[in-house]
Each structure stands twice: as C-alpha cells, then as structure tokens.
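Here's a quick briefing for anyone opening this structure for the first time. Have a look at the sequence and the model, then read on.

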Protein chains: 2
Amino acid sequence: MTLNKILIVSGTHGNEINPVWAVKQFCKQNNITKNNIEYKFIIGNPLACKKGVRYINSDLNRCFDFKKNLGKTNYEFDRAKLLVEKFGIRSSEPCAIAIDLHTTTANMGTSIVMYGRRNKDFCLAALLQNKFGLPIYLHENDNNQKGFLVEAWPCGLVIEVGSVAQNFYDPNIVNRFLVIINDLRDEINKLKNNLIKLPKELIVHVHQGSVDYPREKNGCINGIIHPERINQDWVHIKKGEPLFLDKNGNTIFYNGDSNICPVFIGEVAYQEKNIAMSYTKKEVIFSAEEWVTEFLSL
Amino acid sequence: MTLNKILIVSGTHGNEINPVWAVKQFCKQNNITKNNIEYKFIIGNPLACKKGVRYINSDLNRCFDFKKNLGKTNYEFDRAKLLVEKFGIRSSEPCAIAIDLHTTTANMGTSIVMYGRRNKDFCLAALLQNKFGLPIYLHENDNNQKGFLVEAWPCGLVIEVGSVAQNFYDPNIVNRFLVIINDLRDEINKLKNNLIKLPKELIVHVHQGSVDYPREKNGCINGIIHPERINQDWVHIKKGEPLFLDKNGNTIFYNGDSNICPVFIGEVAYQEKNIAMSYTKKEVIFSAEEWVTEFLSL
C-alpha cells in the first residue's frame, strides 16, 4: 500500500465553521503523521470562510467536474483547479484520499456521503460504518448535481454533521469531527495489517431525487416542511403522510413510493437549489473483495 | 382606552424567516380585527428578507435612535424613519403598541425582550408572562446597543424564539409565534374588562453586559463556547465553571459574579458585535398600579 497522505478539507462551504475549528484543534493537539499516514489539511474556500458565506461566486462543492467546466473561471472554479493541482494524485504532494468535512442544518446526525459506486469508497465507508455505525447517503445519477470535491480524488468521502446553524460554533458538533479524524488512520492501519475485516454487508441510502418546496409563480416559497416531517431525516415516509404545510394551513401530502426515507430535510443551503429534501431508498450491498484490494493498492 | 391598532413587525432581520411565515399564515386564517383591536402587519426589512441576510447596510433593529442617527442615511436608516412615519403614534395609522418578532440561534426557547423600564411595557410583559410563563430579558444601560425598533413606539416588546438556524423554516417555531399573536388581544381585552389581574410580581432577567469570544490579535475567534456552557441559556453560571474552550483544548473559566445567567449564548448574529453571550441577573419586580393605568390609557 502506497497510501501515505490523506487530504482533510474543511471550509469547502464558508459558513460551515465547526469542521474548520475541529481541524484547528486537532492540529494543535495531535500528530500530523500516525501509522505512516500523514494528514494534509486545507481550507477549501478561505475567502468564503472569511466572509461567513457559503461561497463567493459558485458552490465550490459543485466545481470539480473539470470537463463540464472547461474554460469557466471565477473564484471557486479557480480554487477547485488549485486544490487538485496542489493535492491531487498527480501533484507534488499527492493525496490518495480526500475527506471533505461538512455540516448541515438538517437533523441528520453524523453521516457519510459517497458519490457513485467506487470500490475504494465502499471500502472506506464500510470501515467507518463498521466503527461508528454511521448511515451512508449514496449520491448518484443526479444530472443537476455534479462535480463534488471528493470525486476529484481516487477515493474520498464527505463527513456530514448536523443539525447545526450556519456560522454557529457548537463544541458538540466539533467533537463529532474530532472523533472521526482521530480514529480514521487507526482503522485503515488495522485493515492494512489484517487486524479487522470489513462487515459482510453495507447499508446505504441511495439517492432517488429531490423535491422542491411548493412555490408561488414568482419563485417565493409557498409552503414549509410539515411539523410531522421536520427533523425526521432517515425516517420512512408513507403514501398519504404530511409533507408540506401551505400558508392557508392546508397540508400537502406525500404521494409517492412507500420505501422512501427523506434526508437533508429543510437544509437551508438547498433552498436556492430548489430542494426541500432529497429522497433515498435503503439498499443492502454485499461487501466485495475488490473493495479491500483496490483500497489497499491506493 | 383608545388603543385600537397593534403593529406586528416581522422580518426586521431578513434571515429570521419563521415570523414572516407565521404572519402570512395568520393573515390567511384569522381576523385582522378582534376585540376592537386591529393588527397592522409590516415586514421590517423587505430587501434583506429577499436576499436572506440580516441587513443590507446597518442592523435595522439598532436604527431607531433618531437623535443619534440624525442626518445618517442608508437603506435601514431610511427604512426606520419610514416605519415610524407610517405606523408611529403621530402617523395616519397610529399604532400604540409594536410587537417585533425575532428568532435566535441560541437555545433560549421563547422569551420576551423589553428595553428599559417603561410602565406600559411592564404591563404587557406581565400579561404575557402570566399567560405563557415566558422568561423576560430586560435590556437596559448598554451604550453599545441602542435604537431598538420597539422603543420608537409608546409600548412595545420583542418576542424572541429559538433555537433555530437563520433561513431555516421550522413549523414548530412558526407555531410558537402563532400562539402569541392569536392570544395577545384576548389578554388585553380581559385586562380592559377587568377579567384578569396582573400577577403580583414580575420576574425579569436584567442585562448586565456582554462577553466576547477569546480572539487573536487579528480579530479571529480563538475559543468557542465550552461544551458544558453551550445551550445552557438562562442557567446560573458559577465562578470557576467552564466558559470557553480554546484551540489548544484549554478551558477558559468564568471568573465573575455568581448570580449571573447567560443568554444569547453563541448567537450567530452577535459574533460581529463581539458578543459571545450576554450576562443577566434575575430580579423580582412588584407590579404597580400605574402599569395598568398607563397601559389602558394608551
């Protein structure tokens, strides 16, 4: 295994401040290198962090589809290129894995977000699910949402912690990041030394699509998440159950498939993306040997 | 009693969206006039609401000290003048009372904020505390913070509901505003008709000052609220108890008076005001007959 550098990105969104703080605290108290793996730390979007906003011109975490964005230039497009030039697999400080730390205003607890079905990602996600029991949101096949940061590395996951308000320092949220940063290399080391095996199966929640708020013709939101639905991330929604509440007090009911678990319910940053929540379906995936062999050959 | 109009302001801060929604819902479902009292509704800062930001140029809820701001002009200063010209006591639609609806990211529950010790405000606050048991934050004697909206009306209070993230629609938070808007006129009507008496005493938490985060020389926050302090609004803090946690993992301890209850702990919007939390002291105030007589002569 040649894997000896992991990139830890915080502040990819400038108003998600707890991971930035967690990294500051980690760097002061812990070894940057452990088990022969070095952590490289970078603030994804330093200017947005300084201003306390999600981004300056474009959502940085949708800027890593370099084919699609060919020729485009602004603060975030340029920043995406720079991050890959500096820490990408062909750079002078090549990191095989990127871990991107995020927070959400949705009541999702701590979760892992993975993009597509790469064997190496499955291996890392399985390691973390095995250790912490975290739910996994598998994002795939969404033409409206592409170019996530971790996709630009051979292996990479998002750690998503909520609920916490944008720009609100919450030491409990900070701690949840610290636990994962602390233990990640130990788990990799155990796997490398054949001290643990991956669980036989991985439980993932697979992205099915998203639903927007009811809106007026002018685009204004015309219905909010229903009181029975708010904060119920990961919970099954059944046909005929309340979804939204409009300003006349009328309930708008869910009329879809019965195997759906919504996530990112009411996430503030997704209002502009026309997403009130995303729908997922639970799927059990059997572990494959290639997950480990490909991961250990990183 | 000549009181026949109450001004209900929402969206004084443009990223506090739940009161705006509560008012929309209320207007669709309820009578604007009840018990001979008409509600006038206004969005405090419509441009900031549209943009989802607290304010455009200045915090509107610090722009109502017209002597201090004489000659100053920007979006919020002009808006403050316009609100008073339109709904002030000398306007064509004079409102005797202003109720300003706010949310906080701090874990304060629902509370009443009053500014200074006006008899009429005491009466209204006592009515609401009597009905709902709400804590009262009495803000006074703070030279850094003046010119609150409700001070420009003969009587007025802030209703503050938390915790909720900025720009996050939470139907439970919306409901808390609806309950108060619904019942306010009934309580006033009962008082007017001698059907209820004020409680003999009013419990208030009196503002003593504020404390900033530990900061680096360049102004960056260098310590966050301690895990044992976060979300502990209204709870006594004792000398020697943890206050902040710096990035080296060192605890900074509280070293002040033992009768202090912090509020607005970690409020996001106050970072720029150099406030990590405000200190209050509990005080019991005996009700006075003038409270009612002055209120009923509004």
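## A strand covered on both faces

Let's start with strand S12 (residues 260-263) of chain A, which is covered on both faces: A:Ile260 and A:Pro262 on one side, and A:Cys261 and A:Val263 on the other, are all buried. "Buried" here means that 20 or more other C-beta atoms lie within 10 Å of the residue's own, "exposed" means 12 or fewer, and "partly exposed" is anything in between, with C-beta atoms placed from the backbone. Strands (E, at least two residues) and helices (H or I, at least four) are DSSP runs, numbered from the N terminus.

Before going further, keep in mind that this is a predicted model: local features need pLDDT of at least 70 and side-chain atom pairs count only at pLDDT 80 or more, while totals for chains, interfaces and linings use all residues. Residues are numbered from 1 along each chain as its sequence is written, and chains are lettered from A and ligands numbered from 1 in the order in which they are written.

**Strand pairing**

- S12(A) pairs with strand S13 (residues 277-286) of chain A in the antiparallel sense, over 4 bridges; to count as a pair, two strands need at least two bridges found by DSSP.
- Within that pairing, A:Cys261 has A:Thr280 in S13(A) as its bridge partner.
- Over in chain B, 3 strands make an open antiparallel sheet in the order S9-S10-S11.
- Strand S9 (223-225) and strand S11 (251-253) of chain B sit at the edges with a single partner strand each, so one side of each has no neighbour in the sheet.
- On average, neighbouring strands of this sheet are turned by 35° against each other, direction ignored; the axes behind such angles are lines fitted to C-alpha atoms (for helices, over the stretch in contact), and angles run from 0 to 180 degrees between N-to-C directions.
- Strand S10 (residues 242-246) of chain B runs antiparallel to S11(B), and 3 bridges join them.
- B:Phe244 has B:Ile252 in S11(B) as its bridge partner.

- The contact takes 25 residues from chain A and 26 residues from chain B, where two residues are in contact if their C-beta atoms, placed from the backbone, lie within 7 Å.
- On the chain A side, helix H1 (18-29), helix H5 (171-192) and strand S9 (223-225) each supply at least two residues.
- H1(A) gives the largest share of that side, 5 residues.
- By class, the chain A side has 11 nonpolar, 10 polar and 4 charged residues; Ala, Val, Leu, Ile, Met, Phe, Trp, Tyr, Cys and Pro count as nonpolar, Asp, Glu, Lys and Arg as charged, and the others, Gly among them, as polar.

**Inside the fold**

- The largest nonpolar core has 186 residues, and those touching the most other members are A:Ile97, A:Ala125, A:Leu157, B:Ile97, B:Ala125 and B:Leu157. A nonpolar core is a set of buried Ala, Val, Leu, Ile, Met, Phe, Trp, Tyr and Cys residues joined through C-beta atoms within 7 Å.
- H5(A) gives the most to this core, with 9 residues.
- Leaving aside neighbours within four places in sequence, B:Leu157 is in contact with residues including B:Ile99, B:Met114 and B:Val150.
- B:Ser10 lies in strand S1 (residues 5-10) of chain B and is buried, with 29 other C-beta atoms within 10 Å.

- Most residues other than glycine have a negative phi, and most peptide bonds are trans.
- A:Gly162 and A:Ser163 are joined by a cis peptide bond, with omega about 0°.
- The peptide bond from B:Gly162 to B:Ser163 is cis too, with omega near -5°.
- B:Asn35 isn't a glycine, yet has a positive phi of about 50°; B:Asn35 is partly exposed, with 16 other C-beta atoms within 10 Å.
- B:Asn167, also not a glycine, has a positive phi of about 65° and lies in the loop between S7 and H5 of chain B.
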